[in-house]
Amino acid sequence: MITTLGFVSVFVAVVLGLLIVYANNFLINRRKKEFGIYMTLGMGRKQISKIILMETIFVGVISLAVGLIIGIFASQFMSILVAKMFEADMSEFQFVFSKDACVKTCIYFAVMYFAVIIFNTIAVSRYKLINLLNANKKNEQVKIKNPIVSILIFIIGASILGYAYWKVTADAQSLDRAEKIIPPIMMGIVSTVLIFWSLSGFILQIIQKNKKIYLKDTNMFVLRQMNNKINTNTVSMSVICLMLFMTISILSTSLALRNTMQKDLIDMTPVDVNLYKTANLPETYTQYGRTITTTKEQREDSKISIQETMINNKFDMDNLKDVVEIPLYATNEITMEKFFGDKIDEVKAKFAMLSYNTAEQIVKISDYNKIARLYGIQQYELEDDEFMVLCDFDNMEQIRNMALSDGKHKLTIAGKEYKSKYNECKEGFIVMSTNHTNTGIILVPDNCELKENEKERYLLAANFNANTDEEKEKIREMFESGDSCFVQSLNEKGIQLDGMTKISIIQSSTGLATIITFIAIYLGIIFLIASSAILALKQLTESSDNKQRYTILRKIGCDEKIINRSLFRQIGIFFGLPMVLAIIHSIFGIQFALETMAGLASKEDLLPSIVATVIIIGIIYGSYFLATYFGSKNIIKEK
Amino acid sequence: MENVLEVKNIEKYYGNKSNLTKAIDNISFNVKKGEFVGIMGASGSGKSTLLNCISTIDRVTAGHIMVNGEDITKLKGNKLNKFRREELGFIFQDFNLLDTLTAYENIAIALTIQKVPAKEIDRRVQDIAEKLGIKDILKKYPYQVSGGQKQRIASARAIISNPQLVLADEPTGALDSKSARQLLENFELLNQKLNATILMVTHDAFTASYAKRILFIKDGKIFNEIVKGNDTRKQFFEEIIEVQTLLGGDLNDVI
């Protein structure tokens, strides 16, 4: 958690650093005339650099100090807020004032401002006095783009983008290795730049064709404003668009992920405790490449039930109620490879990385129904010659369904042939987990001839015999605390009894959900603020140019209403264009993210999280937009 | 008397191969110490470019400009800054005052850059403000005073460091006639009482008539030169109008 946040912080620092350099660049450019005057008075470049340096340090130190003070208090507030939001165990969070964080902040800040100073010095050394003095008079040269080239580039950009979209959605299967996602991402970036490069020209061409729109109100003025500025702002528009895309995708997918996790959690933890133990331990076996020799005691224990083991190790069974214990079978007759039968080649061709030699888990139907009754989930029935598959891990379900879909799939166990009752996997699980991770259990009729030595594991599910949380916690400690005599006794004998309690699953899962949500909100909002700030800053600094233009409009008889409307449209377009493309990007990006997360976040949970994302973005982006509009309106107002 | 400014065969080209403009085409002239020289010409004649080259705001393509015997076309870096600081005073058409500074501060900054002791700065600012009649507005910001006052603040700033050469680019361009007259009287005063050497670019005959010698520029070349001598200002003004008529095609500029 701490290291992840550390990395994220570095990343955020880089983003903010770039933002500061960029913003500073604007502000310095607005002061060209002033520097020109200084130079005519005989000030050297070095001295001007020194002035800027002093200013930068001054502003930097003040903002650092203020930021630190606000940060110390805000972080306290944040930890309370986060704790409230996620009902998380806050003991793992380190949000109290830390010297470390303070020092890091100072270092990041120093690095950022150092970068600013370097950029400023470079900028000043490039200035020519004559250009400085004439900065106001000189109009920005309007680069006129060939309309045909614009349209062509736009079409090329859109095609590349379309291909990238197709690649990450319809053709996502082909992206089986992590590095294969890089080309579509690069295509996305390049096409974004191309589209913004050509967009204004393209729109202008189209709207000019439609005289009704083109010659209405101040539309042509607004269009030209856009054309004039977007020409020179291709890179920043693209960067803003990509940042917004990240914000939307990160926020909505991670919120969906969190929702799914929390919902799954309730479904997936129906009882207080699960215990399991390997059955039929051999004298030696290999695990992770090491050969492990078992003791006689261990081997004997592996032949008895979990309940017996517990009693043997001084566990008072009165602490548990609703105890259900079932054996799980595994046989070399049914490995994953054999499960697929004659479909194996087809499956292997598509999914080469599955370990096909693993033996499948087999459970007798009545055993499963005992567990299912306890868990309150769907129970099933099988005829003597039928089998069925339970699987709720989305990706694996799809793969298994390839074999089951024709309804004629057959398996042979102990010489007897069983046919699949259903033409798909059914929902169900036997082991509690944080989410749907059952990759496949084969249910067979009770009279299936599974031998005693094919028992692979015992599984025990039970509730704690307790009414209050405190009592439950006490019983949990019997299983999970090193002080409990039950655990100590097991350890002495070297008996491995695995398991999990509802309490610990919920704790770890909430922790994870909190981390994900927290990082997502943190990153998402930083990106959002960074891009809105750039847009707002650009618009506000350019408003002096706009002022002249709007003054002319006023002089030729535009009333305030029309002027305000065209200003609103102009700023609206600047804020809207990157957002629109970012939303289109996100539609595909989110789909890809859901696909990649392999069912960790479900599509049903996406809608509320998208709504939440829209609200967050609406508030932040919207208020920046309004602030920019009212600020600019004030600037262009006639005094 | 010694030459403060010697301009030797300077040329200035703009643009690229396909579209070359000769803004200045082989101009030479001298300005002596204490002279008040006007440069006249229509818009586009090259007069502002000439001034920009002399003031080191722009660089010449060829030729030399000597100020007090030093070739300023060769100056770079700190020497150039020192030259601007100590030898030149600028007056611009649009004043170029710093709008965040008061009149007092705008004038004083020329001296603080030169690291003049604080006591002396105050004395000199008060002194020059007295002479130019802007003592009452020293505490005001540029946006609080009139155009004429702004230009007098700018003039004060230009001459407070006792420069060898004061360069004025259309100083009356943004002023009404009353303010213009007041400013030009101030220039006369600076020239006569403080012995400041002034080089002033203008296209306005009335403004030019305050100078003692006028160079006419047309298409980047010196076209004519007239000296006031013992004429009255009115006579000199008529002389200027005559030359302007000769220059031709620029009647609009006369009015």
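What is the mean pLDDT of chain B, and what percentage of its residues reach 70 or more? The mean is 85, and 95% of the residues of chain B reach 70 or more. Here pLDDT is the predictor's confidence in each residue, from 0 to 100. The model is predicted: local features need pLDDT of at least 70, side-chain atom pairs count only at pLDDT 80 or more, and totals for chains, interfaces and linings use all residues. Residues are numbered from 1 along each chain as its sequence is written, while chains are lettered from A and ligands numbered from 1 in the order in which they are written. The model scores are ipTM 0.73 and pTM 0.66.

Helices (H or I, at least four residues) and strands (E, at least two) are DSSP runs, numbered from the N terminus. Where pLDDT is low, the predicted coordinates should not be read in detail.

The two chains touch. Ten residues of chain A are in contact with 15 residues of chain B (C-beta atoms, placed from the backbone, within 7 Å). On the chain A side, α2 (32-40) and α5 (129-133) are the elements that give two or more residues.

Within chain A, helix α10 (residues 234-268) packs with helix α19 (residues 502-541): their axes come within 8 Å and cross at roughly 160°. Axes are lines fitted to C-alpha atoms, for helices over the stretch in contact, and angles run from 0 to 180 degrees between N-to-C directions. Therefore α10(A) is roughly antiparallel to α19(A) (angles over 145 degrees).

How values were computed
Two residues are in contact if their C-beta atoms, placed from the backbone, lie within 7 Å. Angles under 35 degrees count as roughly parallel, over 145 as roughly antiparallel, 65 to 115 as roughly perpendicular and the rest as oblique.
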